[in-house]
Amino acid sequence: MRQWYLRITDYANRLLEGLNNVEFSDSMKEMQRNWIGKSEGAELDFDIINSEEKIKVYTTRPDTIFGVDFLVLAPEHELVQKITAEEQRSSINEYLHYVKSRSDRERISEVKQITGCFTGAFAINPFNGKQIPIWIAEYVLAGYGTGAIMAVPCGDQRDFSFAKHFHIPITNIIGENFNGNEANPTKEAVLSDADFLSGLKMADAIKVVIEKIEEKGIGRRKTNFKMRDAGFSRQRYWGEPFPVKWENGTAIPLDESQLPLELPHVETYGPGPEGEGPLANIASWTNKKLETSTMPGFAGSSWYFLRYMDPKNNNSFCDKKISDYWGQVDVYIGGTEHAVGHLLYSRMWTKVLYDLGLIGFDEPFKKLVNQGMIQGSSRFAYRVKGTNQFVSFGIKNQYMTDAIHVDVNFVDGIEMDVNAFKNWKPDFANADFILEDGKYICGTEVEKMSKSKFNTVNPDDLVDKYGADTFRMYEMFLGPIEQSKPWDTKGIEGVHRFLRKLWRMFFSDTNGKIWNEEKANDQEFKILHKTIRKIEADTENFSFNTAVSTFMVCVNELSEINCHKKEILDKLIILLAPYAPHIAEELWSQLGNEGSILNATFPAFEEKYLLETDKEYPISINGKMRTTISISLDANHPEVEQIVLSNDVVQKWLEGKTPKKIIFVKGKMINVVI
RNA sequence: GCCCAGGUGGCGGAAUUGGUAGACGCAGCAGACUCAAAAUCUGCCGUUCGCAAGGAUGUGCUGGUUCGAUUCCAGUCCUGGGCACCA
């Protein structure tokens with residue numbers, strides 16, 4: 001069946017280069033780089049004895065040309081039949097039959113198995129005229145490079161194993177760097193017994209050989225990519241239809257006036273007569289000779305963000321003036337599972353649209369944030385083999401046991417409620433338990449949340465109990481957004497207490513309203529502006545866990561000095577609104593403010609409230625912190641030295657000696673070196 | 001095997017360019033309030049020696065650079081993730 005392909009390989013290099021201009025995580029960039037799989041090397045032609053044909057090999061290590069002991073073709077290579085010698089033909093055919101019988105799965109899973117077959121033909125090393133045997137083997141892939149390699153057993157482990165297995169003599173070109181027991185893939189060794197390359201370091205020899213190859217006209221510098229073109233048709237109904245019709249085997253694009261092409265109504269979604277998509281069953285469709293495959297899911301997902309900018313436009317996918325205005329997506333949040341799919345395709349489409357002049361940027365997403373997964377923390381009980389007896393975690397090693405997932409909802413921390421366990425499933429009704437210290441302790445493991453692992457926690461239950469704000473803030477408080485971490489329901493109390501404490505700054509349980517309209521003092525402004533600065537920075541950095549802790553510190557500090565002033569509280573709850581929107585909105589209204597807090601102006605940070613005249617300097621003796629001294633920030637080095645040396649603690653450590661040196665970093669620290 | 005990220009208290013984690021390690025929270029311990037409970041509040045909380053003051057030690061491990069290293073460098077171990085006969 002004919003299939004459509006997206007020629008993404010044409011963009012391989014630009015997709016690679018473009019990674020330098022986007023803010024993706026290192027691991028995300030690495031995944032894309034691996035997938036694109038750029039490698040630089042050379043193609044090299046080998047003549048074949050008694051044949052007009054040449055074998056083109058691809059190598060990243062042309063420096064090892066004098067260590068070539070054989071060539072290997074992929075079994076699917078087009079020259080295999082042509083060059084095979086008569087006396088080898090039956091063996092070769094047998095091997096080809098064997099390869100064909102093996103599924104991809106087997107080929108991948110039995111990687112270590114060495115198989116191959118000699119063709120009976122010989123090639124000639126273009127540099128020294130040496131005759132080298134030509135083999136075929138399934139470890140060489142038809143789809144990569146030229147489907148043929150030059151094998152250098154002293155430098156490549158697969159080649160080495162192959163040579164050993166088939167008793168092919170090994171040439172050593174790296175002297176004592178090769179020990180005869182395994183290949184050494186180094187580039188640092190100095191070449192020997194390698195003609196004009198002898199004495200050169202391998203890494204340097206690469207360039208020399210490539211120049212020589214091009215000069216002799218027997219090959220060329222060549223870059224290869226692992227990435228393949230992407231299959232772009234699906235034999236399904238749901239998907240954008242291709243605006244293409246077929247005339248005598250030629251695909252003709254529909255005229256723009258015939259667009260948009262919409263999916264026809266169908267009664268059933270069964271496949272077409274010859275395995276095509278469901279559209280092949282629709283006469284009104286096939287009569288027009290329209291393409292019956294549809295596009296895959298990543299077609300639409302590659303450019304939807306552009307359509308969002310201009311969703312009602314009937315003339316174009318998105319007016320350029322509008323995409324110029326909105327520009328790239330500033331922040332894209334998603335999982336790593338899209339690394340080599342959607343995120344690569346949409347980068348390519350954006351480049352295509354940019355090349356066509358239809359948009360003004362060639363990377364879709366400026367910044368990508370991969371949120372971590374909230375994992376489950378599973379609990380296990382240990383059943384003694386062949387019994388209905390369960391042994392506590394700490395003493396389970398005295399028995400042969402099977403671990404069984406236990407529902408986390410009847411385990412408090414790690415202590416299991418044995419009665420709840422008995423009632424859980426009929427099988428366990430008569431279970432008995434071997435306890436430690438009167439308790440049944442469970443084993444734990446962090447895994448994906450999954451019903452089958454009984455480690456799921458239902459957010460709705462928690463929202464019912466604590467409210468959406470608490471739940472939302474606790475999720476943020478758990479840790480850095482990019483990190484996966486296990487859910488721990490116990491910790492949610494802390495965030496809940498914080499919100500209650502916040503509420504008590506406005507209303508007392510006994511006296512009702514306690515917030516007031518008094519003027520705030522410098523100390524209160526200092527606390528507020530310290531908070532504004534930190535919240536602004538943390539929010540921009542997606543450091544939500546530290547932002548939540550900043551709110552806690554702020555409320556702790558304001559409570560300590562009994563601040564209930566609207567002037568301060570107004571600003572605080574505006575900061576809080578993105579983190580705990582419900583309570584912030586409610587308090588905003590309770591404070592008598594007009595309208596929604598969402599329309600309030602974000603408070604401006606003012607440095608002046610944080611200016612200090614003194615600094616509590618840490619004083620180190622030989623790099624170890626011993627005490628602190630409060631010193632004016634204006635003090636210069638000699639003044640500081642005098643203050644420090646007259647300090648009792650410093651005097652004690654000096655033991656009458658004179659310090660060798662006093663290091664003073666203004667506004668930071670002081671270190672006395674004895 | 002190759003590549004990437006990461007190893008900090010009982011736990012989740014903090015430490016913005018090398019400058020007071022452990023912020024904030026959970027759990028725990030002791031206490032206040034209460035008939036009691038809940039709620040709230042106070043104190044302690046890396047390890048270790050010490051009644052205390054204070055000292056020693058401490059960011060996976062071994063070295064190095066530095067007045068000073070969780071932070072930089074080299075090596076090594078472990079965990080998580082990705083890729084994998086890609087020549």
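**Figure 1. Separation of domain 1 and domain 4 in chain A.** In this predicted model, the centres of domain 1 and domain 4, taken over C-alpha atoms, lie 69 Å apart. Domain 1 spans residues 38-225 and domain 4 spans residues 613-673. The division of chain A also includes domain 2 (374-456) and domain 3 (463-608).

**Figure 2. The largest pocket and the residues at its centre.** The volume of the largest pocket is about 1,600 Å³. Its lining comprises 33 residues, of which P243, L259, M295, W303 and F317 are the closest to the centre of the pocket. By class, the lining residues are 23 nonpolar, five polar and five charged.

**Figure 3. Secondary-structure elements in the lining of the largest pocket.** At least two lining residues are supplied by each of β1 (5-6), α9 (297-301) and α12 (342-355). Helix α12 provides the largest share of the lining, with four residues.

**Figure 4. Packing of helices α15 and α18.** Helix α15 covers residues 468-477 and helix α18 covers residues 544-560. The two axes are 7 Å apart and form an angle of about 120°.

**Figure 5. Residues in the contact between α15 and α18.** From α15, the residues M473, M476 and F477 take part in the contact. Their counterparts in α18 are F544, N545, V548, S549, F551 and M552. Seven nonpolar and two polar residues make up this contact, with no charged residues.

Methods: Residues are numbered from 1 along each chain as its sequence is written. Chains are lettered from A and ligands numbered from 1 in the order in which they are written. This is a predicted model: local features need pLDDT of at least 70, side-chain atom pairs count only at pLDDT 80 or more; totals for chains, interfaces and linings use all residues. Side-chain values use heavy atoms; hydrogens and water are left out. On a 1 Å grid over the protein atoms alone, a cavity is a set of points where a 1.4 Å probe fits but cannot get out, and a pocket is an open set with protein on both sides within 12 Å along at least five of seven lines; lining residues have an atom within 4 Å of a point. Grid points are joined across faces, edges and corners, and a volume is the space filled by probe spheres set on the points. Ala, Val, Leu, Ile, Met, Phe, Trp, Tyr, Cys and Pro count as nonpolar, Asp, Glu, Lys and Arg as charged, and the others, Gly among them, as polar. Domain bounds come from an automatic or database domain assignment. Axes are lines fitted to C-alpha atoms, for helices over the stretch in contact, and angles run from 0 to 180 degrees between N-to-C directions. Contact means heavy atoms within 4.5 Å.
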